Amino acid sequence: MGRRSSLTTTVVAAVLLVTMFGSAYSGNFFDEFDLTWGDHRGKIFNGGNMLSLSLDRVSGSGFKSKKEYLFGRIDMQLKLVAGNSAGTVTAYYLSSQGATHDEIDFEFLGNETGKPYVLHTNVFAQGKGNREQQFYLWFDPTKNFHTYSIVWRPQHIIFLVDNLPIRVFNNAEKLGVPFPKSQPMRIYSSLWNADDWATRGGLVKTDWSKAPFTAYYRGFKAAACTVSSGCDPKFKSSFTDGKFQVANELNAYGRRRLRWVQRYFMIYDYCSDLKRFPRGFPPECKRSRV
C-alpha cells in the first residue's frame, strides 16, 4: 500500500480532452432529484445544495433524478459512511427500467473501522451484467467529499474518481456484445443493508449499535442530453458531429493514470477470473485494456 503515497491529492486536470458547448449544469437537489424511499432518512438541506441518506435497523433510503439522460457526463461528490460501515452499501448509478434494462454502477462496500472500502463497478446492457471490476481507493472516502463521475458515450463508458479514470468499458457491439446506447437512464442512489454479502462475502455483519449510518452528497453536475430537453436515441449521432459532445478519448496522461490505478488498486477484474470463465473470457475482455 506504500505506493499509494505516490499520488498527491491534486490530480492534473488534463485527464480527459474535454470539449464542452457551454458549461456543465450544476443542479439543485430540490430541482433535480426526488427522495423515493426511506421516509425521513433521506434529507435535502442547505438550500438544496446538500443531500444525505441514512440507514438504520428499520430501513435504508434512496433518491432518483427527475430527468432521464442519454449520453453525457455525470458528476457527484460523495462523503461515505464513516467509522464501522461493515455490511452497508452506498450505491450510485445510472439505470433504465425493465427486464432488459441498462445500468452503469458505482457501489461502495463498507468495511470495519480502519479497513478500506471496496469500490465495485459494473455495466449492464439489455439486462445482462456480470462485468464487475473492484478497486481500493487511494484515500479515505469518509473524511472529505470526492467526485465520482460517469462519462457515457456511444463509443465507451469511463468511470472516474476525482477526474482520474479507473475503468473504461468500450463498445464491443462488433463482437456481438450489447452496449447501453438506446435506453435513457435516470440517476439513482441508495444506502442499504447488505451484510449477507457486502463485507468479506458476508462474514462481517452490520453493527447496528453504530446506526444510523449516513452518506452525504453535494456538487451534482450534468453535461448531458436529457429526454426532457428533447433528446431521444437519434441524438447519439450528435456525438460524432459535435452537438452535446462532452468528452473525447483519454489522452496520453489519462491512459497512464488508468494503467496506474488498475495495476495498484484493482482487486478484482472479471476479465481475469479463470475460475469463473474456464472456457474463455467474454469477447469484450479483448478490448478492455487501454
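Is E284 buried or exposed, and what is its relative accessible area? In this predicted model, E284 is buried, with a relative accessible area of 7%. The legends below take up this residue and several other sites in turn.

**Figure 1. A salt bridge between E284 and R131.**
The side chains of E284 and R131 form a salt bridge, with N and O 3.3 Å apart. E284 belongs to the segment after β16 (266-269), whereas R131 sits in the loop between β9 (118-124) and β10 (133-135), so the contact ties together parts that lie 153 residues apart in sequence. The relative accessible area of E284 is 7% and that of R131 is 2%. Each value is under 20%, the limit below which a residue is called buried, so E284 is classed as buried, and R131 is classed as buried too. In general, side chains of opposite charge can pair when their charged atoms come close.

**Figure 2. Further salt bridges of the structure.**
The structure holds nine salt bridges. One of them links K115 with E112, at an N to O distance of 3.2 Å. K115 has a relative accessibility of 44% and counts as partly exposed; E112, at 26%, also counts as partly exposed. In another salt bridge, E173 meets K181, and the closest N and O atoms are 3.0 Å apart. Here E173 is partly exposed at 33% relative accessible area, and K181 is partly exposed at 29%. Salt bridges with shared partners also join D39, R41 and D56 into one network.

**Figure 3. The second largest pocket.**
The volume of this pocket is about 230 Å³. Its lining is made up of 16 residues, of which G114, K115, P116, Y117 and D140 are the closest to the centre of the pocket. Sorted by class, the lining has six nonpolar, six polar and four charged residues. K115, listed here among the residues closest to the centre, is also a partner of E112 in a salt bridge. As a general principle, rolling a probe the size of a water molecule over the atoms shows where empty space is left.

**Figure 4. An open sheet of eight strands.**
The eight strands follow the order β2-β5-β14-β7-β8-β9-β10-β16, and their pairing is antiparallel. Strands β2 (33-37) and β16 stand at the edges; each has a single partner strand, so one side of each is left without a neighbour in the sheet. On average, neighbouring strands are turned by 15 degrees against each other, direction ignored.

**Figure 5. Strand β5 and its partners.**
Strand β5 spans residues 61-65 and is mostly covered, as four of its five residues are buried. Four bridges join β5 to β2, and the two strands run antiparallel; L35 stands opposite F63 of β5. Four bridges also join β5 to strand β14 (residues 186-193), again in antiparallel fashion, and in this pairing S61 stands opposite L191 of β14. K66 is found in the loop between β5 and β6 (69-79). This lysine, K66, is partly exposed, with a relative accessible area of 36%. K66 and E32 are 34 residues apart in sequence, while their C-alpha atoms are 5.6 Å apart in space.

**Figure 6**
Strand β4 (residues 50-55) is largely enclosed by the rest of the structure, because six of its six residues are buried. In a regular strand the side chains alternate between the two faces of the sheet. In β4 both faces are covered: M50, S52 and S54 are buried on one side, and L51, L53 and L55 are buried on the other. Strand β3 (residues 42-45) runs antiparallel to β4 and is joined to it by four bridges, with K43 opposite S52 of β4. The hairpin of β3 and β4 has four residues between the strands, and in it N46 takes a positive phi near 55 degrees. Strand β15 (residues 213-226) also pairs with β4 in the antiparallel sense, over six bridges. The bridge partner of S54 in β15 is T214.

Definitions and conventions:
Residues are numbered from 1 along each chain as its sequence is written. This is a predicted model: local features need pLDDT of at least 70, side-chain atom pairs count only at pLDDT 80 or more; totals for chains, interfaces and linings use all residues. Side-chain values use heavy atoms; hydrogens and water are left out. On a 1 Å grid over the protein atoms alone, a cavity is a set of points where a 1.4 Å probe fits but cannot get out, and a pocket is an open set with protein on both sides within 12 Å along at least five of seven lines; lining residues have an atom within 4 Å of a point. Grid points are joined across faces, edges and corners, and a volume is the space filled by probe spheres set on the points. Ala, Val, Leu, Ile, Met, Phe, Trp, Tyr, Cys and Pro count as nonpolar, Asp, Glu, Lys and Arg as charged, and the others, Gly among them, as polar. A salt bridge is a side-chain nitrogen of Lys or Arg within 4 Å of a carboxyl oxygen of Asp or Glu. Buried means under 20% relative accessible area, exposed over 50%, partly exposed in between (1.4 Å probe, protein chains only). Two strands pair if DSSP finds at least two bridges between them. Axes are lines fitted to C-alpha atoms, for helices over the stretch in contact, and angles run from 0 to 180 degrees between N-to-C directions.
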